[in-house]
Structure formats: C-alpha cells, structure tokens
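Here are my notebook entries from an afternoon of looking things up in this structure. Please keep the viewer open and follow along with me.

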Amino acid sequence: MPNRLDLALEPTPNNSNQRWIRNIIAVIIVAVFTAIFAAFSPRTEIIKINLTGEGCAKTDLTGVSCELTQGDKKLTLRECSNELPCNQSEYQLGKKKDNKQYIVVLSEAFGKSVEVLTVDTQDFTKTETQAAFYTEVKDNCKNKDTYTQDCFDFPVSEEQLKDIAEQNKKYNILIKDYSL
C-alpha cells in the first residue's frame, strides 16, 4: 500500500523551560505595574466625624461642652454654664455632603425651633445655614398645609396663619433634609 498516509505525528519539543520563564516574567510585570499603581494612587483615609461631650444633649450640668471631632481636629460648638444653660436644646450630628457636615440644633427655649449649622470639614469653620420656628397646633391640623383659626386656642390673624404654616413647614423640611 504505497498510497498510505502516515498519521504518526512527530514528537513536540519540550517547552517547559520556556513556559516557566514566561510565567516568571508575567508575574514580575504584574508586580511592577501593581507597585506603580499603588504608589501613585491617592490614599483613602476614613476618619469618622463625631459629636463628643455631655453638652451635646439636654443637660443641667455646667462646665461641660459639645465638640465636633474628626481625628485630632476639634471644634467646640457650645459650653454649658450658669449663664448659658444647655437644658433646653440639643445638638445632633446631621447628614454629610461633600466637605460639609451638618449639625442639627433642636431647641425648646422659647418655643420649638431648629437651627442647621454647617461645618466645613477641611478647615473646621462653622456657619449657621438655616433656622425655623415651630408653633404648636391642634392634633387635627398637624398634617395640613394651611391653618385656620380652629387650629389654635388663641386668636391668630390671617397673616399670622400664613406665617405659622410656612415656618412649621420649613421646620419639618429642615429636620427631614438635614437629620440622619
């Protein structure tokens, strides 16, 4: 059978040495690129921001304070004393947006009010952002957008009704938007 094809394949050369060298080179390349990437990547450092001190809550204590802390940075928000008591308001840590940390101050000193403080977390400076008062209304009026004389136990003019409704709405929005 002279027309017969020989299907026997020639033996392949042993490339295990070359494969081993290629694997070592690939590992070195990956390690070098990882080191370069790690060296030039920005460092992510998570430093939690907190309110610290007994003066942050309503308290009759004097000589205590409320501080905003972030790592070793501190900003004193208030100091409680006989002249400036802390028994009618409290500070709460609010939401954080970008470099701004919001502090919500709830007070009952002269009726209910809310004040939103903004602290720039870069330079730790404090500014008052917004404030609103809340006037108590009867339970059946709390979910209404506008008030009538029936919502109060005392006489209120039409202008005052509008003003009270706006302030109460603003009060609720500030708490919703800035509280945690």
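Entry 1: I began with F33, which lies in helix α1, residues 16–40. I was working with a predicted model, so local features need pLDDT of at least 70 and side-chain atom pairs count only at pLDDT 80 or more, while totals for chains, interfaces and linings use all residues. Residues are numbered from 1 along each chain as its sequence is written, and side-chain values use heavy atoms, with hydrogens and water left out.

Is F33 buried or exposed? I found F33 exposed, with a relative accessible area of 57%. My cut-offs were under 20% relative accessible area for buried, over 50% for exposed and partly exposed in between, with a 1.4 Å probe and protein chains only.

F33 also belongs to a nonpolar surface patch of about 1,100 Å², made together with W20, I21, I24, I25, I28, I29, V32, I36 and F40. A patch takes residues with over 30% relative accessible area and no salt bridge; nonpolar side chains (Val, Leu, Ile, Met, Phe, Trp, Tyr) are joined within 5 Å, and like charges within 9 Å. The accessible areas come from the Shrake-Rupley method with a 1.4 Å probe, and for residues only the protein chains shown count as cover.

**Entry 2: the largest pocket.** Next I looked for open space. Rolling a probe the size of a water molecule over the atoms shows where empty space is left. I noted about 260 Å³ in the largest pocket. A pocket here is an open set of points on a 1 Å grid over the protein atoms alone, where a 1.4 Å probe fits, with protein on both sides within 12 Å along at least five of seven lines; lining residues have an atom within 4 Å of a point. The volume is the space filled by probe spheres set on the points, which are joined across faces, edges and corners.

Which residues lie nearest the centre of the largest pocket? They are S89, V105, S107, S113 and E115, out of 16 lining residues. I traced the lining to β4 (89–97), β5 (100–107), β6 (112–120) and β7 (125–134), each of which supplies at least two residues. By class I wrote down 9 nonpolar, 5 polar and 2 charged residues. Ala, Val, Leu, Ile, Met, Phe, Trp, Tyr, Cys and Pro count as nonpolar, Asp, Glu, Lys and Arg as charged, and the others, Gly among them, as polar.

**Entry 3: salt bridges.** How many salt bridges does the structure hold? I have 6 in my list, each being a side-chain nitrogen of Lys or Arg within 4 Å of a carboxyl oxygen of Asp or Glu.

E108 pairs with K58, and their closest N and O atoms are 3.5 Å apart. This pair links distant parts of the chain, 50 residues apart: E108 is in the loop between β5 and β6, and K58 is in the loop between β1 (49–52) and β2 (65–70). E108 is partly exposed at 47% relative accessible area, and K58 is partly exposed at 39%.

K100 forms a salt bridge with D120, with 3.4 Å between the closest N and O atoms. K100 is in strand β5 and D120 in strand β6, so this pair ties together parts that are 20 residues apart in sequence. K100 is partly exposed at 33%, whereas D120 is buried at 18%.

K142 meets D139 with the closest N and O atoms 3.6 Å apart. K142 is partly exposed at 35%, and D139 is exposed at 65%. Both also belong to a salt-bridge network with K112 and E136.

**Entry 4: two positive phi angles.** D98 is not a glycine, yet has a positive phi of about 55°. D98 sits in the loop between β4 and β5 and is exposed at 73%. F124, not a glycine either, has a positive phi of about 55°. F124 is in the loop between β6 and β7 and is buried at 9%.

**Entry 5: the loop between β7 and α2.** My last stop was C151, in the loop between β7 and α2 (158–178). C151 is buried, at 1% relative accessibility. The C-alpha atoms of V137 and A165 are separated by 9.7 Å, and the two are 28 residues apart along the chain.

Terms used
Helix = DSSP H or I, 4+ residues; strand = E, 2+ residues; numbered from the N terminus.
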